[in-house]
Amino acid sequence: MSLQLTRKERAEHLYRVITSERFLTKQGLGNEVPFFICPFPAEEGLTMIEDRLDLIERIGHAGVTALDLSLYEISLGLLEERGILEDVLAAEPDMEKSELRELLQGVLDVHEHLIPKIAEAIAAQPHDVIFLSGVGEVYPYIRSHNVLNNLQSTAKDKPTVLFFPGSYTHSTATGGSLDLFGLLHDDKYYRAFNILNYEV
């Protein structure tokens, strides 16, 4: 159902859900962490950026404040803080992909570096909902299920929506699966709710 929504239908559904008291007060989650996946077709990646920014503005008019975090921007910031962004960019053309992956996975370690940076942003800015984007841009150095697993103790007070280029499916046999770009049967994760199936 979820990926068959048009852009307009998805935008309206997201607005309705995110501005609802049920969503903002975390009702109907059965004591699960308030994590939601917003899957969208990978080919809509650029238009989804526009749609997300438009959504932030619209919910803002309804009195709901979003903390908009991009995993890609946070990662670039971490590389800059460590003073290695320029070095990585200069070395990248001559490095093996496996070497680059190992380097970036170390520097951008989710538990050690990424989650503390997200925690800083959460503490610094009042908000009603957290938006996480940039999933496709940081793959394969950062995996979405790893972020969500490590974020559980940091972002449990407000609903968090992960904008995911691909599909999020549940089955009784395999649990939940985040399939990046609709191609990579990649990350096992089952604790989040598909926001496109969330009723208000």
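Trainee: How many cavities of 30 Å³ or more does a search of the whole structure find?

Mentor: The search finds one. The general idea comes first: rolling a probe the size of a water molecule over the atoms shows where empty space is left. On a 1 Å grid over the protein atoms alone, a cavity is a set of points where a 1.4 Å probe fits but cannot get out. Points are joined across faces, edges and corners, and a volume is the space filled by probe spheres set on them. Here the largest cavity holds about 40 Å³ of space.

Trainee: Before we go on, what kind of model is this?

Mentor: It is a predicted model, in which local features need pLDDT of at least 70 and side-chain atom pairs count only at pLDDT 80 or more, while totals for chains, interfaces and linings use all residues. Residues are numbered from 1 along each chain as its sequence is written, and side-chain values use heavy atoms, with hydrogens and water left out.

Trainee: Which residues line the largest cavity?

Mentor: Lining residues have an atom within 4 Å of a point. For this cavity they are Arg7, Arg10, Ala11, Leu14, Met48, Asp51, Arg52 and Leu55. Helices (H or I, at least four residues) and strands (E, at least two) are DSSP runs, numbered from the N terminus.

Trainee: And how do I read a pocket?

Mentor: A pocket is an open set, with protein on both sides within 12 Å along at least five of seven lines. Two or more lining residues come from each of α3 (45-61), α4 (71-81), α8 (135-138) and β4 (160-171), with α3 giving the most, five.

Trainee: Which element gives the most to the lining of the second largest pocket?

Mentor: That is α4, with four residues. This pocket has about 230 Å³ of space, and 14 residues line it, Tyr72, Leu76, Leu79, Leu104 and Tyr141 being the closest to its centre. Besides α4, at least two residues each come from α5 (85-91), α6 (97-107) and α8.

Trainee: How would I check a helix such as α7?

Mentor: Compare its length with the expected span, 1.5 Å times one less than its number of residues. Helix α7 (residues 110-124) has 15 residues and should therefore span 21 Å; its end C-alpha atoms are 20 Å apart, which agrees.

Trainee: Which residues of α7 are buried?

Mentor: An α-helix has 3.6 residues a turn, so residues three or four places apart point the same way. Buried means under 20% relative accessible area (1.4 Å probe, protein chains only). In α7, Val110, Leu114, Ile115, Lys117, Ile118 and Ile122 are buried. Their cover includes β2 (66-70), α4, β3 (129-133) and α9 (144-151).

Trainee: Is Leu180 buried or exposed?

Mentor: Leu180 lies in strand β5 (residues 175-180) and is buried, at 2% relative accessible area. Contact means heavy atoms within 4.5 Å. Apart from neighbours within four places in sequence, Leu180 is in contact with Val135, Tyr139, Phe164, Pro165 and Gly166. Ser167 is 13 residues from Leu180 in sequence, and their C-alpha atoms are 6.7 Å apart.

Trainee: Where is Thr160, and what is it in contact with?

Mentor: Thr160 is in strand β4 and counts as buried, at 1% relative accessibility. With neighbours within four places in sequence left aside, Thr160 is in contact with Pro34, Phe35, Phe36, Ile130, Leu132, Leu151 and Ala155.

How values were computed. Buried < 20%, exposed > 50% of the residue type's maximum accessible area, 1.4 Å probe, protein only.
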